[in-house]
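Student: Hi! Could you walk me through this structure in plain words?
Tutor: Happy to, let's look at it together.

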Amino acid sequence: MATARIKSINRRPHTSLPVIAGSSLAGTAVEWYDFFLYGTAAALVFNKLFFPSEDPLVGTMLAFATYAVGFIARPLGAAVLGHFGDVKGRRATLIASLVLMGVSTFLIALLPTHASIGMAAPLLLVLLRLVQGFALGGEWGGAVLLVSEHGDSRRRAFWSAWPNLGPPLGNLMAAGVLALLGAVLSEEAFLSWGWRIAFALSALLVVIGLVLRLYVAETPLFEQTRAATSPRLVRMPLSAAVRGHWRQILLGAFSRFGENAGFYIFSLFVITYLTQIRGLPRSTGLNAVMIGMAVALVTIPLFAVLADRIGRRPIYIGASLATIVWAFAFFALLDTTATGAIFLAVAVGLVIFAAYSAVIGAFFSELFPTEVRYSGVSLAYNLASVLAGSLAPIIAIALYDHFGTGQAIAVYLAVMGAVSLTAALVARETRTVDLADVHEEAPLPGTSPDTAVVIP
């Protein structure tokens, strides 16, 4: 009897939804800290140490190109890790992705620069960036499913939004660590060795994330599906997802264009724009991003509660319209170079991102059946990251270099918002979907459920 009581006590936190949500958040925050740390360093450090050039914008563009390489590896990570997530389980796959991300980020801290080993330095940087992207490709989908597949369908958007707190929290930590190091160190010391401290801290964060992820159980839906489904049906989940749910994959990917492009413009490119184009201190951009991320952390759960009450589509449509409008106001405010206007521009931009983030976890989970959900969700999510997020900073720099105005970038961002708006208008509402009953492709408006493609 005593043994049974102890087992019950030990098992209880493993299936507690707040604990599971906290574990997912901790893991995503660590991985996004690593990923965004690279992006922030690309704007401030790597352009000088790994891609020296007479033209600062050219060096920055090259640094952002390696940043984009990480995105290119994400679909591969989504395919490989998504496969194992559907076949072996969500929890084990998430642990593997976290270890990969932590090791690659820690090794970046040890890299010699271009001045020391020449072209080998940026090549090694690109290699480690590829590993980062591969790891992140399987992170978000698994973290969301770890929460959404544990139940509470009435508050699925709220709980599924917790992993989406990881990107702003990770970015906040990355920007905060770099800002602190930049404040206490001289420019020479920061460029020489100070930036390496931020990357080395990843090892400690990974240990914390691993402890929390080892503490939670596999999702009940996955366990039920694995017990009830023959191995033939889940042997190639990625292939089944693409063949049976390609419309949902594209719909999910397009729905993220405004969110993804906007996020990297509002939180990453803004630092380059303010420092290299407007000539403002580095601290201005970093502080604006940190304030905006803090605002996003508060507003994501609020939008998620609203999404559970009124649905996913209204939030998506509102966020997409706001992206189109705010794109032009954003650069108009930045061009004033007034600190208050800059803080407002970034904060509102990241509130719009928060609205997207509040619904994306639940919405994506509700598009796919359990046996291919990890693969489908990860592929849709990372396809958008490649087509929208990875290119956003590079396109923004190229547009400014050609037109000489931030409003040209605003037009690009508005187009991305229009793509998301179109996807939101085409999508059906999924708030009432039971995850256990998603067995076939969810029909789009105007189609018959009888014509949906069933997974073979």
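This is a predicted model: local features need pLDDT of at least 70, side-chain atom pairs count only at pLDDT 80 or more; totals for chains, interfaces and linings use all residues.

Tutor: Let's begin with a term: a salt bridge is a side-chain nitrogen of Lys or Arg within 4 Å of a carboxyl oxygen of Asp or Glu.

Student: Are D308 and R312 buried or exposed?
Tutor: Both are buried: D308 is, and R312 is too.

Student: How many salt bridges does the structure hold?
Tutor: There are 9 salt bridges in the structure. Among them is the one between D86 and R90, whose side chains meet at 3.0 Å, N to O. D86 and R90 are both buried.

Student: Which residues are linked with D86 and R90 in a network?
Tutor: E149 and R373 are. Together with D86 and R90, they are linked in a network of salt bridges.

Student: OK, what does R256 form a salt bridge with?
Tutor: With E259, and their closest N and O atoms are 2.8 Å apart. R256 and E259 are both buried.

Student: Nice, and which aromatic cluster is Y381 in?
Tutor: Y381 is in one with W140, Y316, Y356, F363 and F364.

Student: Let's stay with rings. How many aromatic pairs does a search of the whole structure find?
Tutor: It finds 18 aromatic pairs. Take Y273 and F331: their ring centres are 5.3 Å apart and their planes are at 75°, so this pair is edge-to-face. The pair links distant parts of the chain, with Y273 in helix α16 (residues 257-277) and F331 in helix α18 (residues 312-334), 58 residues apart.

Student: Why does Y273 count as buried?
Tutor: Because its relative accessibility is 0%. F331 is buried as well, with a relative accessible area of 0%.

Student: And what about the rings of F363 and F364?
Tutor: Their centres lie 6.0 Å apart with the planes at 65°, so that pair is edge-to-face. F363 counts as buried because its relative accessibility is 3%. F364 is buried too, with a relative accessible area of 0%.

Student: Switching topic: where is A408 found?
Tutor: A408 is in helix α22, which covers residues 406-426. Its relative accessibility is 17%, so A408 counts as buried; the cut-off for buried is under 20%.

Student: Which residues does A408 touch, not counting those up to four places away in sequence?
Tutor: With those left out, A408 touches L399 and F403.

Student: How far apart are A408 and F331?
Tutor: In sequence, they are 77 residues apart, while in space the distance is 9.5 Å, C-alpha to C-alpha.

Student: Last topic, the surface. Which residues make the nonpolar patch of about 410 Å²?
Tutor: That nonpolar surface patch is made by V99, V103, F106, L107 and L110.

Student: Where is L110?
Tutor: L110 is in the loop between α5 (90-108) and α6 (114-117).

Student: Is L110 buried or exposed?
Tutor: L110 is exposed, because its relative accessible area is 55% and the cut-off for exposed is over 50%.

Student: Thanks, that helps!
Tutor: You're welcome!

Conventions:
Residues are numbered from 1 along each chain as its sequence is written. Side-chain values use heavy atoms; hydrogens and water are left out. Buried means under 20% relative accessible area, exposed over 50%, partly exposed in between (1.4 Å probe, protein chains only). Helices (H or I, at least four residues) and strands (E, at least two) are DSSP runs, numbered from the N terminus. Contact means heavy atoms within 4.5 Å. Rings of Phe, Tyr and Trp (its six-membered ring) pair if their centres lie within 6.5 Å; planes under 30 degrees apart count as stacked, over 60 as edge-to-face and the rest as tilted. Patches are made of residues with over 30% relative accessible area and no salt bridge: like charges are joined within 9 Å, nonpolar side chains (Val, Leu, Ile, Met, Phe, Trp, Tyr) within 5 Å. Accessible areas come from the Shrake-Rupley method with a 1.4 Å probe; for residues, only the protein chains shown count as cover.
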